[in-house]
Amino acid sequence: MTTMPHVRRFVGAVLATLCATTLAKTPIPAPPWPAGDERGMANAIGPGTYARCAPFLANPKARTYEVSHLRSGTMPMSPFAGNYAPKPKASATIPGTAHAFNAETYNENVEPGQQGTQFDALGHFAYFKSPWDGKGAPPLDGALYYGGFTQKDVKPTPDSPLLKLGMDKVPPIVTTAVLLDAKAHLGKGQMMKAGEVITAADIEAMLKAQGLAKRGILPGDVVYIHTGWGELWKDPDIDRVYYTKAPGISYGAAQYLGKKRIVAVGLDTPFIDSVAEGMLAGKGAPAPDAPAGLPFSVHHHLLTQLGVHHVENAKLDALARDRVWTSCTMILPLLEKGAAGSAVRPVSIGVPGR
């Protein structure tokens, strides 16, 4: 006798829940990590985070949400990266076969890993022990990276790929995600303004307002924050406003999230850090609590000090619209050997209204 579909779904959900209940007891690994570690907080990914994902994957009411923007040559472009201009090639054939195929090329100096919805490797950022005064050659030999790696360890020559902390060291991230709706709670339904910051207190207030205070932010989580800035993502990008400024999280919020042992943070903004009007041109101030000499203090703290990855230009409007506050997210950056960033297509699987 054929089992009815709804019965199969129910049985599958029960089994998945029982499995998750058992596996949920699996501890999430905690730092300190072994010497020479290159994964950072992504060491938390494993049976414990997979178990937390199981109920979302088995729920028949769950939907899959794209957390990335469509990539094209006319999307908003980062001012820090080379132009992104894929060029379709003419259809080609192979003599003596019945095959035809299509492909495309990329322009010289293109940086696909730093354009569109993208993921930062830990080797994307380094720091100096004191600010560079801008005179002479930059003191790159003194640059330090996550885990205490030096410039010689990570990028010994200008044309070297990242020998440490590159994209090839990042595992597939499969874990639970929390979405915080800053547009609703801080912007009162309006897009947050450029230069505005989301503080640790704001994060706790949003958790409470969204009914997540009891759950909180768990070790191994990915935290997505919807600011509404993604409304300025236009394709074609005629106004060219999106990449000039943005809201972001404060240095204190980065410290707070780091203490929660999250694996990654993603915003619907290009920087994660807040960028006020004119800041990229040297005419605007960084976030009020940014330490001296560290205008991109969130990048500094999360990437170089804690090993927490970034998802930039995340598409979070649909998740926020459907009030999908918790979900199972899957982030699989490309295994580009020695790359500092990757184009990425994250998805979240969750139940609307939950």
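Me: Let me start with Gln210. Where does Gln210 lie?

Reply: Gln210 sits in the loop between H5 and S9. Keep in mind that this is a predicted model.

Me: Is Gln210 buried or exposed?

Reply: Gln210 has a relative accessible area of 8%. Buried means under 20%, so Gln210 counts as buried.

Me: What does Gln210 touch?

Reply: Leaving out residues up to four places away in sequence, Gln210 touches Leu179, Leu180, Asp181, His185 and Trp325.

Me: And how far apart are Gln210 and Arg261 in space?

Reply: From C-alpha to C-alpha, 21 Å separate Gln210 and Arg261. In sequence the two are 51 residues apart.

Me: Where is Arg261 relative to H6?

Reply: Arg261 follows H6, and the phi of Arg261 is positive, near 65°.

Me: Let's stay with H6. How do the axes of H5 and H6 cross?

Reply: The axes of H5, residues 200-209, and H6, residues 251-259, come within 7 Å and cross at roughly 60°. That angle makes H5 oblique to H6.

Me: Which residues make the contact?

Reply: From H5 there are Ala200, Ile203, Glu204 and Leu207, and from H6 there are Gly252, Ala253, Tyr256 and Leu257. By type, the residues of this contact divide into six nonpolar, one polar and one charged.

Me: Which residues of H6 are buried?

Reply: Tyr251, Ala253, Ala254, Tyr256, Leu257 and Gly258 are buried in H6. The elements these buried residues pack against are S8, H5, S9, S10, S11 and H7.

Me: Leu257 keeps coming up. What does Leu257 touch?

Reply: Not counting residues up to four places away in sequence, Leu257 touches Ile203, Ile217, Val223, Ile249, Ile262 and Val265.

Me: Now the largest nonpolar core. How many residues does it have, and which touch the most other members?

Reply: The largest nonpolar core has 63 residues, and Ile203, Ile249 and Leu257 touch the most other members.

Me: Which elements give two or more residues to this core?

Reply: They are S7, H5, S9, H6, S11, H7 and H8. S7 provides the largest share, five residues.

Me: What about a second core?

Reply: A second, separate core has 13 residues, including Val110, Tyr243, Ala246 and Phe296.

Me: Change of topic: how many salt bridges are in the whole structure?

Reply: A search of the whole structure finds 10 salt bridges. One of them joins the side chains of Lys169 and Glu38, at 2.8 Å from N to O.

Me: Where in the chain are those two?

Reply: Lys169 is in the loop between H3 and S7, and Glu38 is in the loop between H1 and H2. The pair links distant parts of the chain, 131 residues apart.

Me: Are they buried or exposed?

Reply: Lys169 counts as partly exposed at 23% relative accessibility, while Glu38 counts as buried at 16%.

Me: Which residues are linked with them in a network of salt bridges?

Reply: The network links Glu38, Lys164 and Lys169.

Me: Give me another salt bridge.

Reply: Asp221 and Arg52 meet through their side chains at 3.1 Å, N to O. Asp221 is in the loop between H5 and S9, Arg52 is in helix H2, and the two are 169 residues apart. Asp221 is buried, at 0% relative accessibility, and Arg52 is buried too, at 17%.

Me: Last one. Where is the place of His309?

Reply: His309 is in strand S12, residues 309-312. With a relative accessible area of 1%, His309 is buried.

Me: What is His309 in contact with?

Reply: Leaving aside neighbours within four places in sequence, His309 is in contact with residues including Arg39, Phe119, Asp120, Val170, Val265 and Leu303.

How values were computed. Residues are numbered from 1 along each chain as its sequence is written. This is a predicted model: local features need pLDDT of at least 70, side-chain atom pairs count only at pLDDT 80 or more; totals for chains, interfaces and linings use all residues. Side-chain values use heavy atoms; hydrogens and water are left out. Axes are lines fitted to C-alpha atoms, for helices over the stretch in contact, and angles run from 0 to 180 degrees between N-to-C directions. Helices (H or I, at least four residues) and strands (E, at least two) are DSSP runs, numbered from the N terminus. Angles under 35 degrees count as roughly parallel, over 145 as roughly antiparallel, 65 to 115 as roughly perpendicular and the rest as oblique. Contact means heavy atoms within 4.5 Å. Ala, Val, Leu, Ile, Met, Phe, Trp, Tyr, Cys and Pro count as nonpolar, Asp, Glu, Lys and Arg as charged, and the others, Gly among them, as polar. A salt bridge is a side-chain nitrogen of Lys or Arg within 4 Å of a carboxyl oxygen of Asp or Glu. Buried means under 20% relative accessible area, exposed over 50%, partly exposed in between (1.4 Å probe, protein chains only). A nonpolar core is a set of buried Ala, Val, Leu, Ile, Met, Phe, Trp, Tyr and Cys residues joined through side-chain atoms within 4.5 Å.
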